[in-house]
Amino acid sequence: MPCVCVEKRRGEEVRRILREHALLNGRAKVVAEGNLLFFPLKALPSEEIMLKLKDASVLRRVFEVREEEKDATAAEKLPKFSYEIVGDIALLELSKEEKDVSERQRGEFSEVSEVSEVSEFSEEDLQRISDLILRRHKNVKVVALKASAVEGVFRKRRIRILRGEQRTETIHRENGCVFKLDLEKVYFNPKLASERKRVAEKVAAGECVVDMFAGVGTFSILIAKRSPESKVIAIDINPDAIFYLRENIRLNKVSNVSAIQGDVREISGKFAGIADRIIMNLPKESHFFLKDALRMLKNRGIIHFYTIESAYTEDEMRGSLSVAVQRAEQKLRAEFAHASRLLGCEVAVNVISARKVRPYAPYTFILGFDLAVDGSSSVGGEEAEKAEEAKRAEVAEYDCEA
């Protein structure tokens, strides 16, 4: 069967890319020979994916097929389901019905729509699904179910253990980092590993980066490890997220991350004008925090902004990705203008890149924008020097508290 051949040192990265694009053939076993790994494929990669795979070679070879014919037959008889693996926990998500057409056209999708009613599945189905997952993944010690949507300002969800050890805490490895976390206490999305790596690679030595919604530190710690001369300020309102963020700072042995617990709207003034780069990974609500982002950004800087947008239009059942990007950009420029007026300054926003990060719902996407922001402050001369001195003192005090 077709396969991708890479050096072992790139195994984790290539496996992740193939999984993200549904190309990895799970029925065959990965082969290791010397310093090389051979990943079996379901189909040949496109040119775009080959660019991501970099120096990988595509060829054909014989693979040992896993003894999963029974699993495949069993899966066909089960209700549709999907799952993601975080550390040694498989987190199960049951299939959901589509929203009605009029709602889809408006792009109205709530977190509630992401989790099916458990009542649609019998206990026998849930246990059979759990057994199937445990047979497929020998490293999985817990099979759990998303029992609620992401809820509240702390972005938590209820988790129900189906099989295995009675715990929701695990250690997840990604991009050369380790992240300790509790799936019931913090929000974590393993599907954004490539996006986190992409952003981290853009950070230059000496930059000050503010991660406004840091969670357990997946952006912040990777940036700190890849760019040890940078300074990362990681903020989150959830005290459990900050607890695990500090644990992860210790586990990854980084010293250039400050973990700050609090509402960014209340504390952004303490970090006024310090950031060369800001990460706003809160797709549903990022636009509410643009004023705080502009307050923390230097006169010129970069913002990585994430949002959710629908591609549906009134005259057709579905639209293209370009429709969603154009619509989101128009909203974004209006929101930046409003935020800058509230601050009493002017900003010029240049879209460096806009892309689909991942699907969110039918023809609705999580979009990522890399933005170059150039602003002009109303403070000048001696006042600017005094403000800068006060800002440095506040940041130093906050570092001590952290």
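## Close-up views of a predicted model

View 1. E84 stands opposite L91 in β6. Welcome to a predicted model, in which local features need pLDDT of at least 70 and side-chain atom pairs count only at pLDDT 80 or more, while totals for chains, interfaces and linings use all residues. Residues are numbered from 1 along each chain as its sequence is written, and side-chain values use heavy atoms, with hydrogens and water left out. Strand β5 (residues 81–86) pairs with β6 in the antiparallel sense over six bridges; strands (E, at least two residues) and helices (H or I, at least four) are DSSP runs, numbered from the N terminus, and two strands pair if DSSP finds at least two bridges between them. The two strands form a hairpin with two residues between them, and G87 in the turn has a positive phi of about 60 degrees.

View 2. Strand β7 (residues 142–146) pairs with β6 in the parallel sense over four bridges, and the bridge partner of A90 in β7 is V143.

**View 3. The four-stranded open sheet.** Look here for the strand order β2-β3-β1-β4, with antiparallel pairing. The edge strands β2 (31–33) and β4 (57–60) each pair on one side only. Neighbouring strands of this sheet are turned by 30 degrees against each other on average, direction ignored; axes are lines fitted to C-alpha atoms, for helices over the stretch in contact, and angles run from 0 to 180 degrees between N-to-C directions. Three bridges join β2 to β3, and E33 stands opposite L36 in β3.

**View 4. Helix α1 and its packing partners.** Helix α1 (residues 11–20) has G11, E13, V14, R16, I17 and L18 buried. These buried residues pack against β1 (2–7), β3 (36–40), α2 (47–53) and α6 (193–200), where contact means heavy atoms within 4.5 Å. The helix lies across β1 and β3, running at about 10 degrees to β3. Just after α1, you will find A22 with a positive phi of about 55 degrees.

How values were computed:
Buried < 20%, exposed > 50% of the residue type's maximum accessible area, 1.4 Å probe, protein only.
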